[in-house]
Amino acid sequence: VLIEQTFDSVSPRFSLRYKLAPNSMLYASAALGNKPGVINADPRFPADIQFAQEEEAWSYEIGTKNRFANRFELNLAAYFIDWTDQQITSVVTLPGPTTLSYVSNAAKSEVKGAEVELRAMLTEDLSVGVLYAYTNAEFVELVDSEALNLFGNASVAGKQLPGVPEQQASVFGKLAFDIGSQLQGYVRADASYTDRKYDQIYNLAHTGYRELVNLTFGIDGTHWGAQLYVKNLT
């Protein structure tokens, strides 16, 4: 059985940058991204679910990047994504009965978020940094037959998108020191937090949150470097 489909798209991008000072900048951007359409190739699929259309996302972002006295760096950003025809995995039951998964288009999703990043050289040898990101990613329009069975309402509007944590944060500190006249050593510690991520569109199962602490000890020579590290220290 031959199944064919053609997908075409145009992906424009616009950006604007304005320098407030030599080390301070404002920026804005708008871009249209796409994900190619899908052929659900099993010939047993009904004609109305044999193809999933391309998904598109208009992304808008504004932000600022700043460096002060060559010691401090502050970056701020806010963004909005208007996501249409989002591709998700659905299930259909065929005579037999046989259950098959296929890709279909969700009607509409929106993602709103903000990020802040701060880095600082407290001394010539000690640097620290912190990053925080907030993401509100949810379905705006999506009707699903399984949701009707689960909740008595076929709409999952307002549910969070699968696989997207609402909050993420990380912090690091790095201390450098001389080892003799030819070598430099350093110790770096990183800690990160990732919020729970839902497994599916119904928001019934999730990963739970994750906390990680990593530790690295390194030595750098003129032409070589070496590291000892521990991931997930705790």
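Analyst: This is a predicted model. Let us begin with Tyr 202, which counts as buried because its relative accessibility is 15%, below the 20% limit.

User: Which aromatic pair does Tyr 202 form?

Analyst: A pair of aromatic rings is described by the distance of the centres and the angle of the planes. Here Tyr 202 pairs with Phe 151 in a tilted arrangement, with 6.4 Å centre to centre and 55° between the planes. Distant parts of the chain are linked by this pair: Phe 151 belongs to helix 1 (residues 145-151), and Tyr 202 to the loop between strand 12 (183-194) and strand 13 (210-220), 51 residues apart. Phe 151 is partly exposed, at a relative accessible area of 37%.

User: How many aromatic pairs does the structure hold, and what is the arrangement of Tyr 60 and Phe 80?

Analyst: There are six aromatic pairs. Tyr 60 and Phe 80 are stacked, with 6.4 Å centre to centre and 20° between the planes. That pair also links distant parts of the chain, with Tyr 60 in strand 5 and Phe 80 in strand 6 (residues 72-84), 20 residues apart. Tyr 60 is partly exposed at 37% relative accessible area, and Phe 80 is partly exposed at 27%.

User: Which aromatic cluster contains Tyr 60 and Phe 80?

Analyst: Tyr 60 and Phe 80 form one aromatic cluster together with Trp 58.

User: Over which ring does the charged end of Lys 174 sit?

Analyst: The charged end of Lys 174 is placed over the ring of Tyr 186, 4.6 Å from its centre.

Key: Residues numbered from 1 in each chain as written. Predicted model: local features only at pLDDT ≥ 70, side-chain atom pairs only at ≥ 80, totals over all residues. Heavy atoms only, no water. Phe/Tyr/Trp six-rings, centres within 6.5 Å; stacked < 30°, edge-to-face > 60°. Helix = DSSP H or I, 4+ residues; strand = E, 2+ residues; numbered from the N terminus. Buried < 20%, exposed > 50% of the residue type's maximum accessible area, 1.4 Å probe, protein only. Lys NZ or Arg CZ within 6 Å of the ring centre and 35° of its normal.
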